[in-house]
Amino acid sequence: MSNAFVISQSDKRPIYLQIMEQIKQRVAIGDWTEGQAIPSIRQLAVDLQVSVITVKRAYLELEREGVIVTQQGKGSRISPNPGLGIRLQQQELQKHLEQAIRLSALLGIQPEELEGRLREANDNVAAKEQK
Amino acid sequence: MTDLAIQLNAVMKKYRYFTLDNIDLQLPAGQIMGLIGPNGAGKSTTIRILLGLIHQDQGDVQVLGHRMPAEQVAAKWDIGFASEDMRLYEGMTLDWHMSFIRSIYPKWDAAYSQLLLKRFGLRAQQKIKGFSHGQRVKATLLLVLARRPQLLVLDEPTTGLDPVARHEILRELTAVMTDEGRSILFSSHNTQDVEQISDQITFIDRGRIIDSMDKEAYLDRWRRLRLEAPSGIELPALPGIINIRQTGRLAVATANAFVPDLANAYENTGARVQSVENMTLEEIFVANVEHSREEVEV
């Protein structure tokens with residue numbers, strides 16, 4: 001069930017972040033559901049052909065964010081309320097947006113201009129990820 | 001305490017033009033260690049010492065609980081070693097080699113050897129002299145993998161292979177890790193391979209270990225900061241920065257002990273932090289070797 005994971009060498013982000021993102025995607029679209037057992041750290045490492053320590057780090061961070069729960073000897077599961085972790089990220093996004101608005105006000109940038117800048121930034125990120 | 005597959009303490013070996021100096025190395029069982037360093041850094045010498053093929057002048061070496069070189073005969077049953085300069089018999093078939101190894105090692109896994117033949121696309125009935133470089137490398141690996149040794153020691157296992165063959169080898173190496181008790185030490189010039197599959201990274205240059213640690217912690221310490229300095233100010237190399245280059249107002253700083261506060265510290269000098277970027281192992285490799293050589297010269 002981890003066949004569709006893609007670890008890309010051209011992706012500038014560390015491998016553990018790529019793994020975290022793909023697990024969250026599976027939760028967000030409902031492929032991996034609440035309480036479902038997920039591959040063990042060692043198994044996912046073998047499947048993805050990456051080091052055990054990298055997957056361990058991804059799982060630790062996901063646990064900290066409340067997306068998964070790991071029980072010693074019993075493996076890892078999607079947490080009963082994985083949305084909590086994703087909600088925390090929503091709050092984080094909100095914080096960044098408000099910060100951007102405050103900074104723009106300081107620089108005298110109007111909301112319309114900020115919208116344009118956001119679109120521009122989006123294109124930049126998209127272009128970088130294409131590379 | 002975790003079991004250690006490999007433990008080197010203060011190992012030294014002197015040659016006329018090269019000294020392997022004060023080598024400390026620990027590989028916990030169940031992990032993969034990537035050994036990287038420039039040509040002539042001492043990777044192969046280190047590997048040969050821990051196999052008992054070269055005897056150290058000083059220091060302790062323990063492999064799978066055996067003291068080396070004294071107990072190398074006992075240790076070798078559980079160690080699988082493959083290197084580029086290993087020779088197969090040209091006039092014999094791969095099948096002959098497989099039977100030969102099987103007759104020596106009782107743990108030989110015949111079913112796994114057949115599976116590897118198929119995965120590596122090798123023909124057992126073909127004589128070695130008809131094999132390409134890549135096929136020879138794969139044949140050598142097949143012969144050690146099918147013994148299912150507790151410790152695999154591989155000197156440059158992916159050098160000179162095409163991308164598909166490299167991928168096949170990496171897949172078999174990571175598959176070994178399904179078994180928590182088995183360990184791998186491999187040396188490589190391909191930093192991408194090391195970055196992908198190692199749990200531990202050891203950097204060696206000019207006979208000394210520069211760094212040896214957990215890969216995630218290691219990659220996390222390195223960052224590239226792109227900075228914009230106020231007019232007429234030359235930005236300092238703050239603690240944690242090993243190199244800073246500035247032309248005009250733009251500067252690039254390389255950190256080998258990055259903490260988020262470092263970016264704040266630059267902002268406090270009046271600089272603007274344009275970006276903080278992760279570095280690939282290849283970039284770290286080059287920066288680290290250049291830095292350690294500067295230190296030696298100073």
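Two strands pair if DSSP finds at least two bridges between them. That idea runs through this briefing on a predicted model. Chain B holds 10 helices and 14 strands. In its strand E13(B), B:Ala255 stands opposite B:Arg223.

**Chain B overall**

- The C-alpha trace of chain B spans about 75 × 40 × 40 Å along its principal axes.
- Chain B has 298 residues, and 37% of them are buried.
- Take the contacts in chain B between residues at least 6 apart in sequence: 69% of these join residues at least 24 apart.

- Strand E11 of chain B covers residues 223-228, and its side chains alternate between two faces.
- Which residues of E11(B) point to the buried face? They are B:Arg223, B:Leu225 and B:Leu227.
- E11(B) runs antiparallel to strand E13 (residues 250-255) of chain B, and 6 bridges join the two.

**The six-stranded sheet of chain B**

- Strands of a sheet pair through backbone hydrogen bonds, either parallel or antiparallel.
- An open sheet in chain B is built from 6 strands, in the order E6-E7-E8-E3-E9-E10, with mixed pairing.
- Its edge strands are E6 (79-83) and E10 (208-214) of chain B, each of which pairs on one side only.
- From one strand to the next, the twist averages 10 degrees.
- Strand E3 (residues 32-36) and strand E9 (residues 200-205) of chain B run parallel and are joined by 4 bridges.
- Within that pair, B:Gly34 has B:Ile201 in E9(B) as its bridge partner.
- Helix H5 (residues 133-145) of chain B packs on the sheet, where it touches E6 and strand E7 (151-155) of chain B.
- The direction of H5 makes about 175 degrees with that of E6(B).

**Domains**

- Chain B is divided into domain 1 (4-214) and domain 2 (223-278).
- The centres of these two domains of chain B, taken over C-alpha atoms, are 41 Å apart.
- Chain A is assigned domain 1 (15-81) and domain 2 (84-130).
- In chain A, 28 Å separate the domain centres, again taken over C-alpha atoms.
- Where the domains of chain A meet, 6 residues of domain 1 are in contact with 4 residues of domain 2.
- The domain 1 side of that contact in chain A has 2 nonpolar, 2 polar and 2 charged residues.

**Where chain B touches chain A**

- How many residues does each chain give to the contact? Chain B gives 19 residues and chain A gives 15 residues.
- On the chain B side, the elements that give two or more residues are helix H6 (163-176), helix H7 (191-197) and helix H8 (215-221).
- H6(B) supplies the largest share of that side, 4 residues.
- By class, the chain B side has 6 nonpolar, 7 polar and 6 charged residues.

Methods. Residues are numbered from 1 along each chain as its sequence is written. Chains are lettered from A and ligands numbered from 1 in the order in which they are written. This is a predicted model: local features need pLDDT of at least 70, side-chain atom pairs count only at pLDDT 80 or more; totals for chains, interfaces and linings use all residues. A residue is buried if 20 or more other C-beta atoms lie within 10 Å of its own, exposed if 12 or fewer, and partly exposed in between; C-beta atoms are placed from the backbone. Two residues are in contact if their C-beta atoms, placed from the backbone, lie within 7 Å. Domain bounds come from an automatic or database domain assignment. Ala, Val, Leu, Ile, Met, Phe, Trp, Tyr, Cys and Pro count as nonpolar, Asp, Glu, Lys and Arg as charged, and the others, Gly among them, as polar. Axes are lines fitted to C-alpha atoms, for helices over the stretch in contact, and angles run from 0 to 180 degrees between N-to-C directions.
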